[in-house]
Amino acid sequence: MTARQPTIVADSIGFQPEGPDPQNIRPGASYRLAAELARAGDHPRICTIATAVGDDSTRLAAVHNAFSKLGVVSSHLTLFPMPNVPDMRAHLLAQDVIWVSGGSTANLLALWRLHGLDVILRECWESGVVLKGVSAGSLCWHVGGTTDSFGPDLRVITNGLAFLPYSNSPHHDAEEQRRPLIHRLIAEGTLPDGYATENGTGLVFFGTELHEAFTEVEGKTAYQLVRHGTSVTEIALPTRLL
């Protein structure tokens with residue numbers, strides 16, 4: 001089955017470590033939430049897109065291992081040195097959830113557009129495949145936000161896919177530059193009003209409307225960011241603990 005309406009889960013949630021081996025990780029509750037929104041049953045089909053980390057094979061192996069712990073039918077789409085599936089559109093439309101990793105938002109957007117993935121992913125979203133992503137995989141669905149794609153000093157990015165007509169600030173509480181920069185960019189009109197997620201939190205959008213904020217970590221919060229004249233107000237959202 002597919003989601004009842006176009007659905008995006010945009011978050012600042014990675015995988016949970018299971019022991020000292022950094023490759024031994026487990027998906028948290030937000031991944032099961034995405035599968036439930038897709039009405040996917042006990043063995044959801046989840047495709048990982050790790051363009052933002054250059055299709056790193058070690059990272060992909062760890063993700064496949066993690067998803068196997070949930071009984072997921074796990075696949076991936078890579079673009080280096082060429083697409084690894086003969087028909088990207090058919091493969092992605094056959095998924096319940098598409099999960100996009102963190103990494104370089106700027107590189108991700110450039111390569112997706114080069115390969116036509118921007119168009120394919122919009123079709124997937126409109127067809128009821130749930131889009132989920134962390135960090136760069138959250139920012140990409142929005143108009144823009146703050147990114148470290150160009151170096152350790154955060155910069156603005158304004159050429160997101162804009163499925164969601166908002167700005168986005170991932171890792172809002174975990175990286176010192178995030179909050180003041182997104183406030184300035186919205187206040188000066190470079191970016192539209194938007195949303196921010198502390199580490200461990202996420203947002204569910206039905207169509208382009210916010211449905212709910214959630215967290216895997218008790219006490220963490222997501223925010224709406226609203227411009228008022230030359231300043232920005234943060235509105236803490238009711239954030240459901242999964």
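## Aromatic pairs

Rings of Phe, Tyr and Trp (its six-membered ring) count as a pair if their centres lie within 6.5 Å; planes under 30 degrees apart are called stacked, over 60 edge-to-face and the rest tilted. By this rule there are 12 aromatic pairs. One of them is Tyr31 with Phe67, an edge-to-face pair at 5.9 Å centre to centre with 65° between the planes. Tyr31 belongs to helix H1 (residues 29-37) and Phe67 to helix H2 (residues 57-68), so the pair ties together parts 36 residues apart in sequence. Helices (H or I, at least four residues) and strands (E, at least two) are DSSP runs, numbered from the N terminus.

The model is predicted: local features need pLDDT of at least 70, side-chain atom pairs count only at pLDDT 80 or more, and totals for chains, interfaces and linings use all residues. Residues are numbered from 1 along each chain as its sequence is written, and side-chain values use heavy atoms, with hydrogens and water left out.

Tyr31 is buried, with a relative accessible area of 2%, and Phe67 is buried at 0%. Buried means under 20% relative accessible area, exposed over 50% and partly exposed in between (1.4 Å probe, protein chains only). Ring pairs link Tyr31 and Phe67 with Phe15 and Trp99 into a cluster.

Lys132 lies over the face of Tyr31, 3.8 Å from the ring centre. Such a charge has NZ of Lys or CZ of Arg within 6 Å of the ring centre and within 35 degrees of the ring normal. Arg179 lies over the face of Tyr223, at 5.7 Å from the ring centre.

## The sheet

Eight strands form an open sheet with mixed pairing, in the order E5-E4-E6-E7-E1-E12-E13-E16. Strands E5 (73-77) and E16 (239-241) stand at the edges with a single partner strand each, so one side of each has no neighbour in the sheet. Two strands pair if DSSP finds at least two bridges between them. Strand E1 (residues 7-11) and strand E7 (residues 130-134) run parallel and are joined by four bridges. Ile8 stands opposite Leu131 in E7.

## Helix packing

The axes of helix H4 (residues 105-115) and helix H5 (residues 117-127) come within 5 Å and cross at roughly 85°. Axes are lines fitted to C-alpha atoms, for helices over the stretch in contact, and angles run from 0 to 180 degrees between N-to-C directions. H4 and H5 are therefore roughly perpendicular, a term for angles of 65 to 115 degrees.

Conventions. Parallel < 35°, antiparallel > 145°, perpendicular 65-115°, else oblique.
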